[in-house]
Amino acid sequence: MKKPIAAANWKMNKSIEEGAEFIKELNPKIKKIKNIETVICPSFPLLTELKKIPSPVILGAQNAFYEDSGTFTGEVSPLMLKGLCEYVILGHSERRSFFHETNELINKKIKKALEHGFKPILCIGENREENSEGKTREVITKQLSECLKEVKEKQLMQLDIAYEPLWAISKGPQDTSTKSAVPEEIESIHSLIREWLSNEFGEKTSKEIRIQYGGSVKPENASELAKQENINGFLIGGASLKVDSFYSIIETLSKTKK
Ligand code: PGA
């Protein structure tokens, strides 16, 4: 199994200067943490500058298109990201809801990103209604099978899955009302994901795939969440925007997963 991962999803926040400042402040803190992979996914314009800063932080993008080039105004192709980042978040619920991304479109993006050697972080998760109607398992399984259609077993090793129940995702760093899902319930969904992977791609491969949890991960709940066997890391939004809270989560993950 790969090292556990702490991935920051900065969403549409931070200027180039603020991003650079953040990494410079984080660098000395994470130097001693060897058992965790720290990833930061900023907006596209920050990647070129952040890449220049020597750091153990690995960069990721928040999106990438499914064609190499062409008449697609406003899109960024994986070819343009080569050398700038290793990871790419795909299928985030905000892309699904605000930009109407479907499983079919996400599948195209996943395949293209894999073709170019990127490590996709595939986000899946149910909304509140689906959750309260008891449809979580059904939704998750459908998302997995449609988003990973025709992905080869060998390529799958490059990929992470992030389970992010939509109702647990915060509205930003000031949001104190949204609550993370209960650790034991998340664990049961993560083991369902693992089981699905095992059935589709074999047990050995399924054990190699990290399953991250995302949705109001904070310094206060990181320890309880990290104790769950099938939570192999976090995708962190609001709490990743401040060095102190992001680092605190990384440190907790590092201690708990020893
Ligand atoms: P949050 O965001 O940590 O602010 O809930 C997580 C995400 O959307 O990836």
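I am working with a predicted model, where local features need pLDDT of at least 70, side-chain atom pairs count only at pLDDT 80 or more, and totals for chains, interfaces and linings use all residues. Residues are numbered from 1 along each chain as its sequence is written, and side-chain values use heavy atoms, with hydrogens and water left out.

**Cysteines.** The closest cysteine sulfur to that of Cys41 belongs to Cys85 and is 7.9 Å away, too far for a bond. Cys85 is likewise in no disulfide. I count a disulfide when two cysteine sulfur atoms are within 2.5 Å. My search of the whole structure found 0 disulfides. I then checked burial (buried is under 20% relative accessible area, exposed over 50%, partly exposed in between, with a 1.4 Å probe and protein chains only). Cys41 is buried at 0%. Cys85 is buried too, at 9%.

**Ligand.** Next I took polar contacts, which are pairs of N or O atoms within 3.5 Å. A polar side-chain atom of Ser170 sits 2.5 Å from a ligand oxygen. For Asn9, a polar side-chain atom is 3.4 Å from an oxygen of the ligand. Gly238 uses a polar backbone atom, 2.8 Å from a ligand oxygen.

**Largest pocket.** I used a 1 Å grid over the protein atoms alone: a pocket is an open set of points with protein on both sides within 12 Å along at least five of seven lines, a cavity is a set where a 1.4 Å probe fits but cannot get out, and lining residues have an atom within 4 Å of a point. The largest pocket has a volume of about 530 Å³. It is lined by 17 residues, and Lys11, Met12, Gln62, Arg95 and Phe99 are the closest to its centre. Helix α4 gives the largest share of the lining, 3 residues. I sorted the lining into 6 nonpolar, 7 polar and 4 charged residues.

**Cavity.** How many cavities of 30 Å³ or more does the whole structure hold? I found 1. The largest cavity has a volume of about 30 Å³. Its lining includes His92, Arg96, Cys123, Gln143 and Glu164. Both α4 and β5 (119-124) give two or more residues to this lining.

Conventions
Grid points are joined across faces, edges and corners, and a volume is the space filled by probe spheres set on the points. Helices (H or I, at least four residues) and strands (E, at least two) are DSSP runs, numbered from the N terminus. Ala, Val, Leu, Ile, Met, Phe, Trp, Tyr, Cys and Pro count as nonpolar, Asp, Glu, Lys and Arg as charged, and the others, Gly among them, as polar. A polar contact is a pair of N or O atoms within 3.5 Å; within protein, one must be able to donate a hydrogen and the other to accept it, and residues adjacent in sequence count only if both atoms are side-chain atoms.
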